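Let's take a walk through this structure together, starting with the whole chain and then turning to a few places of interest. Keep the viewer open as you read.

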Amino acid sequence: MKKRIWMVPILVSAILFMMGCPQPVNTPKSSVATLSSLSVNGYSLDKAFASDTTAYTVCVERTTKTVTINAVASDSKAKISWSPDPAAIELASGPNVFTATVTAEDGTTKKSYAVTIYKANATVEVLDSVNGSLISPGGTIYVYSGGSPLYSIPFASNPQPVWLGPAAVYTVKASPTGRAQSSKENVTGADDLKLTMICQRLDQNTFPAESPTIDSISYTTSATPPDSSTVWTPVDSGATIDFSTVTYIKVVGSGRSEIDNTSWAGFGILMGFDQVPSLFSGLAPDPSLCSSNYDAAKDIFEGTAVFDIRGATITSGEHLISFVIYDRANNRTERTLRVTNSKANTSGEDISSFYFQSLLADFRIYGVTREYFGKQGGTEGLTPLPTGPISYRAALSFKFQTSSSGGSAVPILGFKVFRSEDLGFTWTQVGAVNYGFLSTGSGGTHTFYDTDSQLTTGVSYEYKIVVFTDDIHTKESAVMGPVWFLPPFTASLSEPANKSTAIDAANLPDFKFIISDTRLWSQSLSDRFYFSPVIRKADGSYAYAGYFYYDFKTDLLGYYDTSVGWSYMSATDTANYLHFDSATGTVSINPGLFSSHTNNATGTDLALESGVTYYWDIFGNYTGSASTNTAAYFHKAGNNCISRSYADVYQNGQQTLNGWFSFTVQ
């Protein structure tokens with residue numbers, strides 16, 4: 001019985017074997033060696049991840065010590081190994097390359113992905129205009145070395161950290177979303193370097209947002225105007241040149257948008273000695289010696305600008321020569337060369353006995369952008385605070401004369417500008433004006449615009465001037481300042497609201513407008529607030545125009561009397577006619593203020609006609625001309641200095657942010 005039981009399983013197995021039942025087999029192992037995702041905690045890759053793209057770049061702040069790199073294999077059975085391990089390595093300044101090798105399940109198939117982490121040593125800040133405010137991040141920063149792309153990173157913060165190896169030379173390009181591109185050529189890398197790029201709105205969207213290139217800079221000593229036979233000597237940074245022999249400097253630029261070699265109304269080429277040229281400064285080329293052309297085969301515009309510097313006198317020693325190109329689309333390129341003038345100059349007049357007069361540091365801040373090189377008009381430049389762009393303007397002016405009061409103007413060869421941010425303990429040269437010939441300035445006044453993008457609110461600045469007639473004859477001014485930028489603000493009309501139709505001529509409501517920063521309405525920040533209400537008919541004739549200021553020291557309202565000039569109102573009248581709501585920033589004007597004594601338009605009390613539509617607005621000083629009006633502003637005076645914060649910018653109407661409001665009298 002037991003023998004039969006054991007024989008049955010053996011017999012069944014034999015039968016099954018003979019019938020050919022399939023036996024277990026080994027499944028082929030996967031050869032998939034790709035990643036399905038790759039990321040760096042807290043940072044964006046230079047491009048969107050794709051499994052067939054094997055190289056990526058990230059830039060981190062200079063304070064970052066380690067990074068976490070996340071990699072996920074497409075096949076869960078594949079293995080990932082790092083060389084070196086990101087978690088075990090402290091980042092060094094510059095490029096740090098981490099390679100992820102994916103080994104497929106088969107143990108043979110492999111694919112490597114490289115992540116280069118640049119630890120920053122410098123920053124790039126991107127402004128909306130010369131001396132304007134930071135724009136919103138978005139877009140890409142490109143870094144080139146030797147004419148070839150080195151790396152690109154997302155424009156993720158402003159300022160944006162970048163790495164530029166010390167002593168190496170780079171080209172840096174900023175391409176913000178929806179804006180023209182800015183390029184800085186011939187940039188020498190250094191720790192703590194701060195680059196400023198200016199990226200305005202695209203002036204004409206049909207043109208590409210690609211900055212032009214400065215192809216060459218050269219000079220000649222030819223005594224005659226240059227022609228096709230003129231010999232030109234290239235100028236490189238670090239060159240030593242006898243500028244007493246230089247007659248012309250030539251700049252050739254090219255780009256994919258039109259370059260007008262002489263225009264500066266939005267595009268063109270300028271040169272500056274010891275300061276970057278802008279609308280405020282710089283030398284323009286000689287139109288008769290310039291040319292431009294378009295190469296249809298290469299789709300490239302080219303402009304050649306020639307600067308006539310015959311007879312120019314430059315002091316010896318080191319100088320910075322800067323060139324700026326704007327093309328038709330507002331794309332911008334800047335290059336600065338450091339050169340040495342080998343020719344000593346000691347023939348100037350001794351000026352130690354002469355005097356500075358009318359020293360003034362004039363600081364202004366505007367609640368909206370100026371965008372100097374963009375086309376004016378429209379409302380694009382009128383973006384409200386706090387997110388909208390603002391503009392800074394620091395103008396230094398003085399006279400240099402033979403006596404301490406009056407006298408005749410003394411010609412100078414130029415002047416240097418020094419700035420202190422620690423109440424005069426240390427001074428830094430921030431610019432210079434080299435006339436190239438003896439000059440008394442414009443009408444006896446010399447002016448310098450400090451367009452340093454590092455200027456900001458909350459810092460006390462002091463300035464001084466050193467004039468010179470040669471290498472050794474100089475004279476130093478007294479100090480201007482301390483001076484600081486007041487906070488920026490905008491003003492917007494509120495009541496009577498736009499298109500109001502229920503205004504009673506016999507019972508006018510208060511006229512109200514709102515300032516965006518209530519801190520300014522304080523003696524601690526401001527001396528005065530200047531405002532000018534204007535009311536006119538729809539046909540353009542005026543019903544009222546007055547000029548006022550509120551004095552924070554006296555808490556009294558100053559006004560321009562049509563008969564006697566500037567006067568103060570009493571405390572009672574001030575309280576009756578003007579009220580400020582510190583909670584909302586609303587300034588209320590009682591219509592009783594619009595009397596004959598303050599009406600510079602008609603000299604009569606304000607009298608509105610039934611059935612007539614009127615427009616009203618608030619200015620700072622109203623002349624009726626868009627070129628000479630000023631916006632309402634806060635004012636602070638100091639030692640040889642003045643600071644003002646304007647509600648609007650002078651190119652765009654100098655009025656409230658929302659412009660004229662209309663109302664119709666019942």
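This is a predicted model: local features need pLDDT of at least 70, side-chain atom pairs count only at pLDDT 80 or more; totals for chains, interfaces and linings use all residues.

**A tour of the strands**

Strands E34 and E36 (residues 548–551) run antiparallel and are joined by 4 bridges.

The chain holds 2 helices and 44 strands. Its radius of gyration is 34 Å, whereas the globule rule gives 26 Å for 666 residues; the chain is therefore more spread out than a compact globule. You can see this in the C-alpha trace, which spans about 140 × 75 × 55 Å along its principal axes. Buried residues account for 49% of the 666 residues. If we take the contacts between residues at least 6 apart in sequence, 67% of them join residues at least 24 apart.

The accessible surface of the chain is about 30,000 Å², and carbon and sulfur atoms contribute 51% of that. There are 44 positive and 58 negative side chains, with the centres of the two sets 11 Å apart.

Now back to E34, which covers residues 528–537. How many of its 10 residues are buried? The count is 8, so E34 is largely enclosed by the rest of the structure.

E34 and E35 form a hairpin with 4 residues between the strands, and Gly540 in its turn has a positive phi of about 105°. While you have these strands in view, recall that in a regular strand the side chains alternate between the two faces of the sheet.

On one pairing, E21 meets E18 (residues 268–273) in the antiparallel sense over 6 bridges; here Ile269 has Ile325 of E21 as its bridge partner. On another, E21 runs antiparallel to E22 (residues 332–341), and 10 bridges join the two. Tyr326 stands opposite Arg332 in E22. E21 and E22 make a hairpin with 5 residues between the strands, where Asn330 has a positive phi near 80°.

That brings us to backbone geometry. Most residues other than glycine have a negative phi, and most peptide bonds are trans. Asp274, in the loop between E18 and E19 (291–295), has a positive phi of about 65° although it is not a glycine. Is Asp274 buried or exposed? Its relative accessibility is 16%, so Asp274 counts as buried, the cut-off for that being under 20%. Asp299 lies in the loop between E19 and E20 (300–308), and its phi is also positive, near 55°. With a relative accessible area of 34%, Asp299 is partly exposed.

Cis peptide bonds come next. One joins Asn158 and Pro159, with omega about 10°, and Pro159 sits in the loop between E9 (148–154) and E10 (160–162). Another joins Glu495 and Pro496, with omega about -5°; Pro496 is in the loop between E31 (491–495) and E32 (500–503).

Our last stop is Asn70, in strand E3 (residues 69–73). Asn70 has 28% relative accessibility and so counts as partly exposed. Which residues does Asn70 touch, not counting those up to four places away in sequence? They are Ser37, Leu38, Ser39 and Asn41. Asn70 and Pro161 are 91 residues apart in sequence, and their C-alpha atoms are 22 Å apart in space.

Terms used:
Residues are numbered from 1 along each chain as its sequence is written. Side-chain values use heavy atoms; hydrogens and water are left out. The radius of gyration is taken over C-alpha atoms; the globule rule is 2.2 Å times the number of residues to the power 0.38. Buried means under 20% relative accessible area, exposed over 50%, partly exposed in between (1.4 Å probe, protein chains only). Contact means heavy atoms within 4.5 Å. Accessible areas come from the Shrake-Rupley method with a 1.4 Å probe; for residues, only the protein chains shown count as cover. Lys and Arg count as positive and Asp and Glu as negative; His and the chain ends are not counted. The place of a charge is taken as NZ of Lys, CZ of Arg, CG of Asp or CD of Glu. Two strands pair if DSSP finds at least two bridges between them.
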